[in-house]
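Colleague: I'd like to go through the terms you use for this model. Could you take me through them one by one?

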Amino acid sequence: MVVFNRNYLEENYPNLTNLEEIKIETHFESIENGAFKGLSNLKSLHFHQNRFESISSEFLEGLKNLTSLNLSENMFGKIEPGVFSNLKNLESLELDETGLETKEGTETQILDVPIFNGVENLKKLNLATLIPKNFALLSSFKNLKELHLGIGREDKFEKEDALSSLKNLTILSIATDEVNPPGLLDGLDNLEEFKLWNSNIECFPARWLQNKNKLKRLIFEGIYIENKIEGNVFKDCQSLESLCFIRDQIKIELEFLSLLSSLKVLKFDMNSYISEGDTKFDLKLISQLKNLEELYLNMSRIEEFDENTFGEMKNLKILDISNNGVTSLPSKLFDKLENLEELDISLLDLETIDSKWFENKKKLKKLNLDQVPVKNIPIDLLKDCSMLEYLCLDNMQLISLDQGLFAGLSFLQTLKFNYNNITSIGPGIFHGLRSLKTLQFNYNKITSIDSKQFNGLTELEELLFAGNQIESIDPNQFNGLDNLINLNFESNQISNFDKNIFSGLLKLKTLEIGKNIVSQLPLGIFDSCTKLEVLHIDNMEMSSIDFRLLEKNTKLKILHMNENSFELLDKSFFKNLILLQELRMSCERFEFKDDIFDDLVQLVRLELNGKSRVSLKSRTFKSLSNLNSLELANINFEDSENDLFKGLKNLLFLDLANNKIKELNPEMLHGLRLNYISINQDELKEGQKEILKKEFEGIIEFKSN
């Protein structure tokens, strides 16, 4: 049994008594009271994903100045009355996705008034929980401003207007399963935001929105309503500024929009609905909303746009018409939208792109053309978009780029061309993009890059060219890119990297050059990259690697070096990598020694492929007490010792699926905090599957090749 106690806190949180915030997600099965004594400076505590037999006020003793407590995603055997009574300053309490594990023969506990004694001054309460509730408990929270509720069939209502005493409530969200008392929202006349989400109900009660003349934001997300929502339910919502329908299955007549002239934000996103007996979206009703500033019509089954659809929306700043069934757009569709700042026309099956769409778009900052299947872009497409900051041209069918396409875009910060068919980039095409920070050309067909291609891009922070056919990179290719943080040239055909190619990249934190045909990396190639945190040199053809290669990269946290053919590799290679948290390695040819991981005390994730050559001993993982995830492949388990995993006290995830294991002694895994195990069932001896399934019920997955 894994126990939470004071020792755990002191081991994992230095300077414990001075901390103001603690977040714990470590899957404990039991708790010891008094662990928080003396932590009077703590203001925020997050304690998730645990299983407790019971929880009482003694557990939270010492947290007298706590203002925020998040106990979401926990399972409790019992919640004692007055559990929060010591938390006199608590303002926010979250119990979402919590549940009860009731023993057979005992009565199911219900959340009731005594449990919440002492925290009547709460301002925020989240009860989107699986635990049954007596809604009478809410009457004592007179100061509550924000409430999130999960309503189930086992909940108890003494009166249907159970929320009526919450006069100060301004934010309310509800997830309900077939329970929708008509008077539930009666009296909440100060409500400013209401969200109905993840719900399945027969009808939407009209009373819920009666007298809600202060309501500004209304959200329907992930809901199914069997009966049609009548338009008159919105008649009292004349102050409504934002209305969102997201991933809903509803029937509603859009005529109700005529009642909502104050709307500034309207969102229809990935819904299955609209008018009864008619799947077409009536855009004429939208075009009347002259005050709109944001309009989202993503995946709304629109087949055609009239050129006057947006003619009256002169205040519109954000427009998303992506993922609809149109094959063309009128040339004048966006003519009147001179204040437009963001436009998304991605995932439209357009045959051509018209330059007139973007004429006089002098305020446009963001443009998304992702998955618009055209091969060419007009050279004058962006001539009026001088304020553009973000341009996405991913997943199109582009073959080439015209010189001058980006002329005048001096404010452009992000430029994306991933997953196209571009074979070459003309020299100087990026000239003048002095604000550019992100440049992405992943997965094209580029074979070479001009040595001066990136000259002048002094603000560049991210440069991605993975998945092309580049055979070589000039030693001076990255000169002047002093602000570069993320560089990716993996999955190309590069055979050699010059020793000085990265010498000027002093701010580089992520470097991915794996999956090339490199046979050796020169000593000193990474010496200038002292801030490097992520390095991928995997899937290459290296037979040797100098143990001094990473001696200057002491801040490295993630290292992928698997799928090479090293003849020699031992603990000396890792001696300076004491901050390493993730390691992927494989043992093709070198002799694997038990002390190889001794210096990697901060390692959290390890993927080790033994290539059917390696047997592991009890001391292999002895230094890895912080390990959270372990994936072992092609390991010889026949000679493994029962205490192989001893000391891995924080291990949660164990993947053994890529091994030919005939028998696994459950004792090897006793004392671990595991919440997931996978194993290949194909090689298991008869009866082994049943033994393991019983021993690790609920956390083990059996896989087959």
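Modeller: Let's begin with Ser164, which sits in the loop between strand S11 (146–151) and strand S12 (171–176). Helices (H or I, at least four residues) and strands (E, at least two) are DSSP runs, numbered from the N terminus. This is a predicted model, where local features need pLDDT of at least 70 and side-chain atom pairs count only at pLDDT 80 or more, while totals for chains, interfaces and linings use all residues. Residues are numbered from 1 along each chain as its sequence is written, and side-chain values use heavy atoms, with hydrogens and water left out.

Colleague: Why is Ser164 called buried?

Modeller: Its relative accessible area is 15%. Buried means under 20%, exposed over 50%, and partly exposed in between (1.4 Å probe, protein chains only). So Ser164 counts as buried.

Colleague: And why is Asn395 called partly exposed?

Modeller: Asn395 has a relative accessible area of 30%, so it falls in the in-between class. It lies in the loop between strand S23 (390–392) and strand S24 (414–416), and its phi is near 55 degrees, a positive value in a residue other than glycine.

Colleague: Back to Ser164: what is it in contact with, leaving aside neighbours within four places in sequence?

Modeller: Lys159, Asp186 and Gly187. Contact means heavy atoms within 4.5 Å.

Colleague: What makes Glu160 and Arg207 a salt bridge?

Modeller: Their side chains meet at 3.3 Å, N to O. The term asks for a side-chain nitrogen of Lys or Arg within 4 Å of a carboxyl oxygen of Asp or Glu, so this pair qualifies.

Colleague: How do you know that Lys267 lies over the face of Tyr296?

Modeller: Lys267 is at 4.9 Å from the ring centre.

Colleague: What are the domains, and how much area do domain 1 and domain 2 bury between them?

Modeller: The assignment gives domain 1 (1–13 + 23–168), domain 2 (179–275) and domain 3 (280–402); such bounds come from an automatic or database domain assignment. Domain 1 and domain 2 bury about 960 Å², 65% of it on carbon and sulfur atoms. Buried area is the accessible area (1.4 Å probe) that two parts lose on being put together, summed over both.

Terms used. A charge sits over a ring if NZ of Lys or CZ of Arg is within 6 Å of the ring centre and within 35 degrees of the ring normal.
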